[in-house]
Amino acid sequence: MTQSELEYNLSTAVVVPVTSIPAKQAALDVAKALADGGIHVIEITLRTDAALSAIEAVANGVARGEVQTAVGAGSVTTVEQIASIRESGATFAVTPGFSEQVSNAMIEADIPHIPGIATVGEAMRGMALGLRCFKVFPAGILGGPAYLKAISAPLPGIRFVPTGGINEGNLKEYMALDSVLACGGSWITPSKLMKSGDYAKITELARSARAVSAA
Ligand code: 3PG
């Protein structure tokens with residue numbers, strides 16, 4: 001996948017589910033549940049021991065044709081993690097904050113990525129590397145849609161994936177902004193539902209998020 005294919009995939013997904021998979025076994029079922037709800041992308045954060053094997057399980061499911069999903073690694077914070085995420089089969093990566101070192105290494109490794117930023121200055125540092133799309137984290141605490149509107153003014157053509165504090169209740173307000181490519185969030189894959197294996201409810205949450213943003 002190329003960087004522009006990633007950005008296209010995120011824009012059609014509307015919501016990027018940020019998932020902290022409790023166990024490898026759940027991963028493919030969660031990806032399938034999301035796909036059933038119309039979301040063909042999953043960000044699996046490197047916050048649990050099962051993360052890399054969970055990415056691998058989804059990537060294998062994709063290779064077998066069981067699900068059509070772009071699977072990415074989230075919460076990537078170091079250059080050292082890049083080799084293992086590539087090995088796991090992740091096709092993209094997301095970082096919570098901005099690091100020239102990490103972004104340069106991603107570009108060199110040819111792994112499309114969405115780096116996190118919280119300020120205009122960080123966006124400018126990313127733009128100097130040729131990047132045009134950034135996760136804005138933690139969007140809610142930074143000031144929500146009003147903050148995004150303010151920072152997008154001097155950055156024409158730059159697209160954002162706000163994450164942090166987004167849910168079905170405020171999704172529409174974020175998606176109404178031209179600068180917003182997609183929204184990230186964990187509300188569609190709550191750990192309680194993943195642990196209990198309530199995949200039908202995950203499908204319902206995915207479907208409902210897409211309906212809210214389309215309305
Ligand atoms: C992330 O890493 O993107 C966040 O933890 C997601 O934030 P949320 O849980 O508020 O959706």
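The ligand sits in the largest pocket. The model is a predicted one, and every value here is computed from it. Start with this pocket, then move on to the other spaces.

The largest pocket has a volume of about 200 Å³. It is lined by 17 residues, and those closest to its centre are Val18, Arg47, Gly185, Ser186 and Trp187. Two elements each give at least two residues to this lining: strand S1 (15-19) and helix H10 (191-196). Sorted by class, the lining holds 6 nonpolar, 9 polar and 2 charged residues.

Now look at the ligand itself. Around it stand Val18, Arg47, Lys135, Phe137, Thr163, Gly164, Gly165, Gly185 and Ser186. This shell is made up of 2 nonpolar, 5 polar and 2 charged residues.

Which side chains place a polar atom by an oxygen atom of the ligand? Arg47 does, with a polar side-chain atom 2.3 Å from a ligand oxygen. Ser186 does too, at 2.5 Å. For Lys135, an N or O atom of the side chain is 2.7 Å from an oxygen atom of the ligand. How much of the ligand does the protein bury? Taken alone, the ligand exposes 320 Å², and the protein buries 80% of that.

Next comes the second largest pocket. About 170 Å³ of space lies in it. Its lining consists of Met1, Asn9, Thr12, Ala13, Gly38, His40, Val41, Gln68, Thr69, Ala70 and Thr91. Helix H1 (residues 3-13) provides the largest share of that lining, with 3 residues. By class, the lining of the second largest pocket has 4 nonpolar and 7 polar residues, and no charged ones. The lining of the largest pocket, by contrast, includes 2 charged residues.

Rolling a probe the size of a water molecule over the atoms shows where empty space is left. The structure holds 1 cavity of 30 Å³ or more. The largest cavity has a volume of about 50 Å³. Which residues line the largest cavity? They are Leu10, Val16, Val18, Glu43, Val94, Ile114, Lys135, Val161, Thr163 and Gly184. Of these, 6 are nonpolar, 2 polar and 2 charged.

Technical notes. Residues are numbered from 1 along each chain as its sequence is written. This is a predicted model: local features need pLDDT of at least 70, side-chain atom pairs count only at pLDDT 80 or more; totals for chains, interfaces and linings use all residues. Side-chain values use heavy atoms; hydrogens and water are left out. A residue is near a molecule or strand if one of its heavy atoms lies within 4 Å of it. A polar contact is a pair of N or O atoms within 3.5 Å; within protein, one must be able to donate a hydrogen and the other to accept it, and residues adjacent in sequence count only if both atoms are side-chain atoms. Accessible areas come from the Shrake-Rupley method with a 1.4 Å probe; for residues, only the protein chains shown count as cover. On a 1 Å grid over the protein atoms alone, a cavity is a set of points where a 1.4 Å probe fits but cannot get out, and a pocket is an open set with protein on both sides within 12 Å along at least five of seven lines; lining residues have an atom within 4 Å of a point. A molecule sits in a cavity or pocket if more than half of its atoms lie within 2 Å of its grid points. Ala, Val, Leu, Ile, Met, Phe, Trp, Tyr, Cys and Pro count as nonpolar, Asp, Glu, Lys and Arg as charged, and the others, Gly among them, as polar. Grid points are joined across faces, edges and corners, and a volume is the space filled by probe spheres set on the points. Helices (H or I, at least four residues) and strands (E, at least two) are DSSP runs, numbered from the N terminus.
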